[in-house]
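Have a look at the fold before reading on.

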Amino acid sequence: NSHAHALNTVMFTVEIRQSPIDIVPHQASRDPNLSQIVLNYDRCTSINISNNGHSVVVEFDDTDDRSVIQGGPLDNPYRLKQFHFHWGEKGCEGSEHTVSGNSYASELHLVHWNAVKYKTFDEAATAPDGLAVLGIFLDTGDDHRWLHTITDALYMVKFKGSITDFKDFNPKCLLPSSLHYWTYLGSLTTPPLHESVIWIVLKDPITVSEKQLGKFRMLLFTGEEEDQRLRMENNFRPPQPLKGRKVRSSN
Ligand SMILES: CC#CCNS(=O)(=O)c1cc(S(N)(=O)=O)ccc1C(=O)O
Ligand SMILES: [Zn+2]
């Protein structure tokens, strides 16, 4: 039965740093050593926008250090690879991280990878310091003046598997006024759930309108050839156990 024993060993993985989490601000430790994060996106090159059946994704040219995030908890610059969103079916839920138990309507994730230490994204995606994801909350209110560039393109990627050109988009226009953040060690929030993400979650949300958010909900989880049409909504994972992790706060 050594075979059964071996299978049992192989199948058992310890999950100690899963994401998202509920962030409790006054339990986060203010760390004076935490510098500000720096986003060098001025030479970023967006390539396309696509519907991968889980979210809408804008991909970037990550073949050199043209667009990186650095500073804060990061020891190296991390290259921007893609950004995507998570949202609900109504305004009161949709974000992945929560703040004192409260959800935002949506959450934007800018995914970066450590190309200094790892040769490829896939290698970085399995390393404990391989990825850095910048999380930005979306609140509902007035129209966001630049989000329409994205929402106007969503009809082109309605179905799972659809993709279209999306050039000259700089995600700097989606940042809130302050880059104050919380940071903790976590994971991807979708399969394969690798525990390879240094999370940097901005404290201040950006504001978008219900109308703009509604356009995300006209995307479909299903492909054009499928007879069932499933609206893409509630593509957020609920908060996971903290398991003793410390959340640090920038000044
Ligand atoms: C191997 C591997 C991998 C993960 N890819 S991703 O980092 O772009 C990613 C990250 C996240 S998240 N929510 O963890 O940032 C969600 C979805 C994706 C995706 O595949 O599209
Ligand atoms: Zn995400």
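Start at Ile-150: skipping neighbours within four places in sequence, Ile-150 is in contact with Ile-49, Phe-83, Phe-85, Phe-166, Phe-169, Leu-174 and Phe-216, where contact means heavy atoms within 4.5 Å. A word on the ground rules: this is a predicted model, in which local features need pLDDT of at least 70 and side-chain atom pairs count only at pLDDT 80 or more, while totals for chains, interfaces and linings use all residues. Residues are numbered from 1 along each chain as its sequence is written, and side-chain values use heavy atoms, with hydrogens and water left out.

Ile-150 also turns up in the largest nonpolar core, which has 42 residues; Ile-150 is among those with the most contacts inside it, as are Ile-49, Val-56, Phe-83, Phe-85, Leu-134 and Phe-216. Such a core is a set of buried Ala, Val, Leu, Ile, Met, Phe, Trp, Tyr and Cys residues joined through side-chain atoms within 4.5 Å. Buried means under 20% relative accessible area, exposed over 50%, and partly exposed in between, using a 1.4 Å probe and protein chains only. At least two residues of this core come from each of several elements, including β3 (37-40), β5 (56-60), β10 (131-140) and α4. Strand β7 gives the most, with five residues. Helices here are DSSP runs of H or I with at least four residues, strands are E runs of at least two, and both are numbered from the N terminus. There is also a second, separate core of 22 residues, with Val-111, Ala-127, Trp-182 and Leu-188 among them.

Now for the rings. The whole structure holds seven aromatic pairs. Rings of Phe, Tyr and Trp (its six-membered ring) pair if their centres lie within 6.5 Å; planes under 30 degrees apart count as stacked, over 60 as edge-to-face and the rest as tilted. Phe-83 and Phe-85 are edge-to-face, because their centres are 6.0 Å apart and their planes stand at 85 degrees. Both Phe-83 and Phe-85 are buried. Phe-85 also pairs with Phe-216, this time tilted, at 4.8 Å centre to centre and 55 degrees between the planes. Since Phe-85 lies in strand β7 (residues 78-87) and Phe-216 in helix α4 (residues 210-216), the pair ties together parts that are 131 residues apart in sequence. Phe-216 is buried too, with a relative accessible area of 1%. Ring pairs join Phe-60, Phe-83, Phe-85, Trp-87, Phe-166, Phe-169 and Phe-216 into a cluster.

What about the largest pocket? About 560 Å³ of space lies in it, and of its 27 lining residues, Asn-52, Gln-82, His-84, Leu-188 and Thr-190 lie nearest its centre. The largest share of that lining, five residues, comes from β7.

The peptide bond from Ser-19 to Pro-20 is cis, with omega near 0 degrees, and Pro-20 sits in the loop between α1 (2-11) and β1 (22-23). The bond from Pro-191 to Pro-192 is cis as well, with omega near 15 degrees. Ser-100 is not a glycine, yet has a positive phi of about 50 degrees; Ser-100 is partly exposed, at 42% relative accessibility. Lys-243 likewise has a positive phi of about 50 degrees and is exposed, with a relative accessible area of 55%.

Methods
Chains are lettered from A and ligands numbered from 1 in the order in which they are written. On a 1 Å grid over the protein atoms alone, a cavity is a set of points where a 1.4 Å probe fits but cannot get out, and a pocket is an open set with protein on both sides within 12 Å along at least five of seven lines; lining residues have an atom within 4 Å of a point. Grid points are joined across faces, edges and corners, and a volume is the space filled by probe spheres set on the points.
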